[in-house]
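Thank you all for making the time this morning.

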Amino acid sequence: MMKKTAAGADLSPNLAKDTLKPSAFLNPVPVVMCSAQHAGVSDIITVAWCGTVNSDPPMISVSIRKSRYSYDLIKNSGKVCVNLVSEALLKACDLCGVRSGRDIDKFAATGLTPVSSPIHGIPMIGESPVNLECSVDRVIELGSHDMFLLNVDGVYVSGAIIDAGGKADLKKAGLVAYCHGEYYALGEILGFFGYSVAGADALARRTRR
Ligand SMILES: Cc1cc2nc3c(=O)[nH]c(=O)nc-3n(C[C@H](O)[C@H](O)[C@H](O)COP(=O)(O)O)c2cc1C
């Protein structure tokens with residue numbers, strides 16, 4: 001019997017799409033640089049398997065293979081700084097994703113400035129437009145990667161992206177997205193939260209440039 005939607009319409013049995021091997025094919029995703037320090041050793045690792053997982057308390061996740069040099073720094077210290085990546089930082093970000101802290105000092109190799117984080121005293125990347133200072137809430141072993149669930153303890157935003165009203169304007173940050181192996185600049189604004197049901201006043205105000 002033909003399957004139906006809740007409204008009673010027939011569900012088409014024809015999937016006119018190619019079927020790919022199951023993979024973590026969620027795209028696009030953010031790409032971030034995670035900085036950490038333990039027992040006097042610091043490192044930066046590039047991570048694309050990251051996401052927002054809770055609003056209150058504020059929590060994000062990063063998934064990291066046990067084989068990464070930075071894995072032990074984060075696990076043993078219980079602290080990490082998640083640094084958002086601007087276009088200006090992208091080459092350094094890529095380098096931190098293809099070289100290991102076992103072989104090079106990534107702060108020295110990239111010329112990025114380690115700034116002590118206010119709460120935990122771990123290195124944050126000074127040039128990053130937004131730094132999220134985090135503590136590890138739990139670590140979940142998933143298979144290839146371990147997911148670090150992180151509490152966001154501090155958020156620091158470059159003065160260059162604060163607007164006249166004192167609010168952070170991420171349009172000014174030039175943030176980068178990662179999609180299927182390639183880095184992208186964010187494009188034009190297509191809408192805003194709730195714009196599909198917004199009144200004419202809000203539409204005019206929010207789309208005015
Ligand atoms: C764009 C990009 C995204 C990456 N995402 C992840 C990730 O989510 N998790 C992970 O464990 N490694 C990821 N990597 C690989 C690590 O960044 C890479 O192995 C790095 O050299 C590890 O550094 P470390 O040994 O100093 O910790 C990514 C690399 C790139 C270039």
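What follows is a short account of the ligand shell and of the strand pairing.

Please keep in mind that this is a predicted model, in which local features need pLDDT of at least 70 and side-chain atom pairs count only at pLDDT 80 or more, while totals for chains, interfaces and linings use all residues. Residues are numbered from 1 along each chain as its sequence is written.

Around the ligand there are 22 residues, the closest being Trp49, Ser70, Gly97, Ser100 and Gly101, where a residue is near if its C-beta atom, placed from the backbone, lies within 6 Å of the molecule. Strand S3 (41-47), strand S5 (59-64) and helix H1 (69-77) each supply at least two residues of that shell, and S3 gives the most, with four; helices (H or I, at least four residues) and strands (E, at least two) are DSSP runs, numbered from the N terminus.

Turning to the strands, S5 pairs in the antiparallel sense with strand S4 (residues 50-54) over four bridges, pairing being counted if DSSP finds at least two bridges between two strands. A hairpin of four residues joins S4 to S5, and Asn54 has Met59 in S5 as its bridge partner. S5 also pairs with strand S10 (residues 146-157), again antiparallel, over six bridges, with Ile64 opposite Asp146 in S10.

Finally, three strands form an open antiparallel sheet in the order S1-S11-S12. Strand S1 (29-30) and strand S12 (182-185) stand at its edges with a single partner strand each, so one side of each is left without a neighbour in the sheet.
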